[in-house]
Amino acid sequence: MHDNRLEARLDRAVRDRIEPAVNRNRVPLTVAAWHAPGEPVPWPADAEYQPFEIGTPWGPAWSTTWFRFRGTVPAAWNGAVVEAVVDLGFDARTPGFQAEGLAYSADGTPMKGVAPRTDWVPVRPAPDGSVEFFVEAAANPDMHQGDWAFIPTNQGDVRTRDPRPLYRLARAELVLRDTEVVDLLADIRALDGLRRQLPADEPRRMTIARALEQMLDALDPHDVPGTAAVARAMLSDVLAAPAHASAHSVVAVGHAHIDSAWLWPVRETIRKASRSFSNVMTLMDDEPDFVFACSQAQQWEWIKIHHPKVWQRMLTKVRSGQFVPAGGMWVEADTNMPGGEALARQFVFGKRFFQTEVGAETQDVWLPDSFGYSPALPQIASLAGCRWLLTTKMSWNDTNPMPHHTFWWEGLDGTRLFTHLPPVETYHSELSAAELAHASQTFTEHGRASVSLVPFGWGDGGGGPTREMLAAAHRTADLEGSPRVGLGGPEDFFRRAEAEYPDAPVWRGELYLELHRGTYTSQARTKRGNRRSEHLLREAELWLTTAAVRGLVDYPYDELDAVWKQVLLNQFHDILPGSSIAWVHREAEAAYADVDKRLNALIEGAQAALAGTGDLPLLFNATPHARDGVASLAAGTPRPAGPGTVETPPDRGYRLANGLVEATFDEAGLLVSLVDPASGRDAIPAGEPGNLLQLHRDVPSRWDAWDIDRHYRDSVQDLTTVTAIEQSEDRLVIRRSFGEQGASAVVQEVCLEPGRPWLRVRTRVDWQERDALLKLSFPLDVHAERHAAETQFGHLERPTHENTSWDEARYEVCAHRWIHVAEHGFGIGLANATTYGHDVTRHTRPSGGTTTVLRASLLRAPSFPDPDTDRGEHTFDHMLVLGDVGQAIEAGYALNLPPRARLGESSVPPLVTLTGDGAVIETVKMADDRGGDVIVRIYESRGGRADVELRTADSLGDPVEVDLLERPRTEDGAITPLDASRFRLRLRPFQIVTIRLTPNDAG
């Protein structure tokens, strides 16, 4: 039969005859409902349910309705497979983006999620055949409105939602499930899917087509249940034909990628996790070889707290080896923007949870959907005891496909992770024949490796694997023409792949995602909150440890852990990147305000205990560099340098000078000169002023909050009009307005940092724009082919040119506290306290020479998923820094860790100090085991060898190098004792070393 005729005949038979016969008998259920007021409530045992008819509307956005279903199983069905089917008003799309529910038994025990494509509920009839169960139904709105229309909507916050119901209850009935028809349907899907992937002249395709014809001939369309077994027999031979010896193999890993917040708030993610986990555990009861990999320890903890019955069921499946932890991080975090210590704590909190709660230590890093991967990640992951990384997101690149699917990824310091990018190119596979064929055809390692991983199960909004997916896996386990599919977990795959391909190629440096470049800038308040929280945590741990070692305070382990968890949650890859609904970012801002309040109270208490009573002026310096005469990580009497002065030169404009740098601004408030008096070198090229705010039209083709498309550069407005300039003794205040009818305004305060060659710029913006991007630009007279950008525990270099398509694609990049450009003997950096997005370009001047332009991205105004993204007031702090990378590092710390002044009775010496260049003390904290030891984390910051001396306070000694989980390690041997309180450290470029110190009185 011709393919087209076979497909038409087969499609109609499946649609009109076979699928309807799966549930061959139906009995309606009686429905009652209780509409929960406000936010969701636990099991409402005493709720008053009212009769509810099929077809009745329910559910304004974000509301919850509890449905009660009652019925009786007919006696004639005894011994058959009976289920309930509930349709809450689903459309035909995937689970996770519309109404969904969790089914409970009559005693309040969670049973299974209810969603599109998994709308069935297991039935547990009483002895008399009666059935009663409940569904907690969530009226989650369809935020992407069908097919990612990116239409602005106010449904993204319960405060602005449309109050009208979204759904109609469509179906509630008991059904008799015909397992023979179910199996026939699975046979057809597996074979016909495979047939459609094979070449037209492939004999195997013709064989399958003939078998399907014979199956259709054997099937009576008026008695599908009665002829299903005979029809299946027509397919048995082609299903039994084994795969070729050279067939590609896949390890199918069950998974439910659940965004910890995105187009729904955190509270809904908690419920999504309970539904998805209940789904997969129900499948496990009948599928002993099914393994489900569950990442994000945060979601495990949510279940433990909010759904203890689901938690106990999970523990049972963990013990059976079917429900396995994956990834080892607290959440599937963004890895571009979290600070070094925060990214380390993602692993510490995640791995400790799995070790403590389920007795497992994960060795994989499971980040399928994060928006690119920092080159610091391999070392951090390795120091946490991880060996392998999985990501699928790199297949989204918009310009350059990754050259490998299995490779060694080498990070900043040379550490390597064995990494896999699944060639199936999705993290929510259905295990369809098309997906399996794609995995085999795309796999770049053929001839050297033979196995890849396929994460299967509905994701993003959760749901997880379905029984149809498992049926597909069983039928393709060893099927001619298809890759071999074996069920397993991440470790099953990685051990097999690494053993098979130990000499895989090496990818060096960051895994830059050529997409979603706007996530370094969107939702500026969230980003500011993250940056501020990270540095407040550094201060709190430092001063509390300093006070605790001296017996002045009790270290607040539990409170600090709680604060860390808040910060780590908000580093999830759709929260910190700014790509969530308004509700999510509103809650993130509230969380950061709570973090600020709690940590400042802890810092104040620790510093008060350390300072004591007295009237001696003290400056608490939490940076790793001396400041105003006060040692790093210490408090002492400040010796501040004199502030800069502002003059009005004869040729008009304004000049600021402090003896180390001279900055001249013109009458428009633009920086026209930045001179190093010692050399006479001017960093600003003639005719190309700095401190220039530039407004771009920013309308990406799609993915509004996520993307900055390259064409944004085609439209730019230089904001040079001045409303007013105010001059004081040591600073300028520059005022501008812009936008339609001057709706947006900016105030800049400019001054020089006392005693440093640093120009400080504070920019306050009242942002009322739509579809716009605001950048702060500094053209520099520096010939630089590369720029350095701080990342976790070091920095990476990127080209300023566009020689290759890889260079060209990096037109917007992420940096932490600073970026820096240099030529031999002269460098300049731009430090910041709030932002991450940057671009660095270069051009040739007509007069000769090149200009390198550093620009910081300040604000965006995307319309989706939050139509009011960042409207309102913002503050940005930057410093233009003359000097080498070391100056940029120091300025970055200084800007993010402002000193704290108070009165006291004496100076507070540091617990630890470093002597020598290059190495930086990042963290001082008490050990997690609460035994009284002190943890010090140090890293080499400049990209060279560091040979430094660590000196400890008299009360600390016996240093032991440990990993991030504070377990002894002997691989590096970086510590050499000099005497009881002095130790030599030799560090490789960008090496991280964690040292455990024991108080001398600890025995």
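Colleague: How do you know that the sulfur of Cys 294 is too far from the closest cysteine sulfur for a bond?

Modeller: A disulfide is counted when a pair of cysteine sulfur atoms lies within 2.5 Å, and the closest cysteine sulfur to that of Cys 294, in Cys 386, is 16 Å away, so the two are too far apart for a bond. A search of the whole structure finds 0 disulfides. Please keep in mind that this is a predicted model, in which local features need pLDDT of at least 70 and side-chain atom pairs count only at pLDDT 80 or more, while totals for chains, interfaces and linings use all residues. Residues are numbered from 1 along each chain as its sequence is written, and side-chain values use heavy atoms, with hydrogens and water left out.

Colleague: Why is Cys 294 called buried?

Modeller: Buried means under 20% relative accessible area, exposed means over 50%, and partly exposed is in between, with a 1.4 Å probe and protein chains only. Cys 294 has a relative accessible area of 3%, and is therefore buried. Cys 751, at 7% relative accessibility, also counts as buried.

Colleague: Why is helix 2 called roughly antiparallel to helix 3?

Modeller: The axes of helix 2 (residues 179-197) and helix 3 (residues 203-218) come within 9 Å and cross at roughly 150°. Axes are lines fitted to C-alpha atoms, for helices over the stretch in contact, and angles run from 0 to 180 degrees between N-to-C directions. Angles under 35 degrees count as roughly parallel, over 145 as roughly antiparallel, 65 to 115 as roughly perpendicular and the rest as oblique, so helix 2 is roughly antiparallel to helix 3.

Colleague: What makes helix 2 oblique to helix 4?

Modeller: The axes of helix 2 and helix 4 (residues 224-233) come within 9 Å and cross at roughly 45°, an angle left to the remaining class, and helix 2 is therefore oblique to helix 4. From helix 2, Glu 180, Val 181, Asp 183, Leu 184 and Asp 187 make the contact, and from helix 4, Val 224, Pro 225, Ala 228, Ala 229, Ala 231 and Arg 232.

Colleague: Why is helix 8 called roughly perpendicular to helix 9?

Modeller: The axes of helix 8 (residues 308-319) and helix 9 (residues 340-358) come within 12 Å and cross at roughly 85°, which means that helix 8 is roughly perpendicular to helix 9. Trp 311, Leu 315 and Val 318 of helix 8 meet Phe 353, Glu 357 and Val 358 of helix 9.

Definitions and conventions:
Helix = DSSP H or I, 4+ residues; strand = E, 2+ residues; numbered from the N terminus. Contact = heavy atoms within 4.5 Å.
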